[in-house]
Amino acid sequence: MTALNHTYLYAGPSELVPVEKGHALRLMTSGGGAPQPYFFEGRLLQPRLTALSLRALSRVVGSRFFIPPAMLNRILREADPVVTCGRGMLRFEGFSGCASTYARVDLTPAAYEGDVASFGTTNVDFNAAMRAALSTVREEEPLSLSVGHAEVALQRGDTRVVERKVPLPLRWLKGFAEVQAYLSRLTPFAELSATEALRFLRGLPRTRGDKSVHYLVPQGRSVRLSSTAAKDAMRITGLERLRVLEDLVPFAKRLVLHADPRGQASVFVLDLGAPRFTLALSSEVWRGFSGEGQALTALAQQAQVEQVLSTLRAELRWEAVLEPRALARKLGTPEALVRQGLQVLGVRGLVGFDSQTAAFFHRELPFDFAQVEALAPRLADARALLAAGAVEADAKEPGAFWVRGSDVTYHVLLDAEGEPLRCGCPWFSRHALDRGPCKHLLAARLHAHRAEDDDSE
């Protein structure tokens, strides 16, 4: 499996330590704008609930819901999650090792009292001892939280450093680029009360490794599980991934389900009051978000939105809510162009998407995303087709193009907005747009935008 060598350099291990009154949860940081960035220090107002939320996140990051046969004998290292300290929000997010499951803990201002020292995004150390300690936190005892606690860096006058070198799977990194493209297109499917949410999760089959397809069908104020496809049903597989929510659902005020119109992803947002827990599942446990190609369209349109990217990036400012329509009004730019620009920034690791607020948020992931962008073979092939003059507009049909392959010429079609619609190649016959556009559609899109630019000059 292709991977990037990554070094975590922590001032010490994350730990839960007793203090004069209660306990202190000290999360060590690595990367960011300083060697050991210090973002936040304060008191958690719902200690046990927040601790359980972080523990659920660590379960996702430490899990692999699908293991290819070739990897059974390999030792898989965990990838530490990242934390973003923005304006009024603390967000912890990460992927499972197989990149099929994404989890995020959002702490709103009502979840804590404390001081924000700076804004930024960095890795946080989630070691085994800290994960075990999180399960012992009680609601009645005070619990403080430090993200990048500077004083732990010194011990008996000597610098204490914990260094951990790990190979980060590229699919794990690419998942961050892909998942926001999915989340931004999902729509609310159902909203379950606390009672219905508890009944739904506890009633799920407990078979491990079940890869069969299931459907969630609305039933009154809840949903029921069915093995038969139905109109307006939500497709889901790998039900064991939902077990992550079991310890949290007794505290939930509601559970909001979001569905992908194409059935390629699903999102479950637990409203826990001040904290929120988001769980996103890919359509299959063996299909990680990383390989889906949903970000290819954004990558292909970078040249077209370059004019707005610098202005748009200047508006990020670690904002917790970046709403495309509001940004479009402020910048005097079409909303569609702003949304496309945010998608491009998402591919670069600069924004994520919050399903609860239906808006993007600023964060700058501490990884080299230039290498992730380079690993887009379909886009590279599309650019090669364009450079070879293999794309020609169909004079008889608006939005249609002829794209010459190695042996066959394919007829492709874009919609009225220039978005990929249909291609006659074998790849499209197998996957349609479920795994992103094929290289022929991407080449046609590049050709169409280049023609628009030529006409405007």
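Colleague: Is Cys 85 buried or exposed?

Modeller: Cys 85 is buried, with a relative accessible area of 1%. Buried means under 20% relative accessible area, exposed over 50%, and partly exposed in between, using a 1.4 Å probe and protein chains only. Bear in mind that this is a predicted model, where local features need pLDDT of at least 70 and side-chain atom pairs count only at pLDDT 80 or more, while totals for chains, interfaces and linings use all residues. Residues are numbered from 1 along each chain as its sequence is written, and side-chain values use heavy atoms, with hydrogens and water left out.

Colleague: How many disulfides does the structure hold?

Modeller: A disulfide is a covalent bond between the sulfur atoms of two cysteines. The cut-off here is a pair of cysteine sulfur atoms within 2.5 Å, and the structure holds zero. Take Cys 425: its nearest cysteine sulfur, that of Cys 423, is 3.7 Å away, and Cys 425 is in no disulfide. Cys 425 counts as buried too, at 1% relative accessibility.

Colleague: Let's turn to aromatic rings. How many aromatic pairs does a search of the whole structure find?

Modeller: A pair of aromatic rings is described by the distance of the centres and the angle of the planes. Rings of Phe, Tyr and Trp (its six-membered ring) pair if their centres lie within 6.5 Å; planes under 30 degrees apart count as stacked, over 60 as edge-to-face and the rest as tilted. The search finds five pairs.

Colleague: Why is the pair of Phe 95 and Phe 176 edge-to-face?

Modeller: Their ring centres are 5.0 Å apart and their planes stand at 85°, so the pair is edge-to-face. Phe 95 lies in strand β7 (residues 90-95) and Phe 176 in helix α3 (residues 170-183), so the pair ties together parts that are 81 residues apart in sequence. Helices (H or I, at least four residues) and strands (E, at least two) are DSSP runs, numbered from the N terminus. Phe 95 is buried at a relative accessible area of 0%, and Phe 176 is buried with a value of 0%. Ring pairs also link Phe 95, Tyr 102 and Phe 176 into a cluster.

Colleague: Which ring does the charged end of Arg 91 sit over?

Modeller: The rule asks for NZ of Lys or CZ of Arg within 6 Å of the ring centre and within 35 degrees of the ring normal. For Arg 91, the ring is that of Phe 361, with the charged end 4.0 Å from its centre.
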